[in-house]
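Hi,

Here is the structure I promised to pass on.

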Amino acid sequence: VNLAAKETVTRDAHGQIADEHTVRISNEAGTLSMANAGPDTGGSQFFVNVADNPFLDWWDETKPGKHAVFGRVTEGMDVVVQMAGVPTTAEVPKVPIRMNK
């Protein structure tokens, strides 16, 4: 459901949804943001900001990023930071990360 329009959102043939830029919440550490590959290409992927990333804010026309924040980590940010610190190769963790709950 689109939070601004309170309407059901249907994915297109590629599984993507339109951008839902509703509230100006900056991509600060601890926020959850929708990943995308450009305008109206949201899907089911999101990321947790582990640092302040204002260049990802959708409303700043001087910045290339257009990622809408839709949530915030309310507890366990220390675990998120630990996960972000796991060494990777080609963005794949060298040591598997398992979330039990």
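Below is what I found, from the whole chain down to one pair of residues.

A word on the source: this is a predicted model, where local features need pLDDT of at least 70 and side-chain atom pairs count only at pLDDT 80 or more, while totals for chains, interfaces and linings use all residues. Residues are numbered from 1 along each chain as its sequence is written, and side-chain values use heavy atoms, with hydrogens and water left out.

Starting at the N terminus, the order is β-β-β-α-β-β.

Of the 101 residues, 22% are buried (under 20% relative accessible area, with a 1.4 Å probe and protein chains only). The accessible surface is about 7500 Å² by the Shrake-Rupley method, and carbon and sulfur atoms hold 56% of that surface.

Now the sheet. Three strands form an open one in the order β2-β1-β3, with antiparallel pairing (two strands pair if DSSP finds at least two bridges between them). β2 (46-48) and β3 (69-72) are at the edges with a single partner strand each, so one side of each has no neighbour in the sheet.

Which strand do three bridges join to β2? That is β1 (residues 31-34), and the two run antiparallel. As one example, S33 has F47 in β2 as its bridge partner.

Cheers

Methods. Helices (H or I, at least four residues) and strands (E, at least two) are DSSP runs, numbered from the N terminus. Buried means under 20% relative accessible area, exposed over 50%, partly exposed in between (1.4 Å probe, protein chains only). Accessible areas come from the Shrake-Rupley method with a 1.4 Å probe; for residues, only the protein chains shown count as cover.
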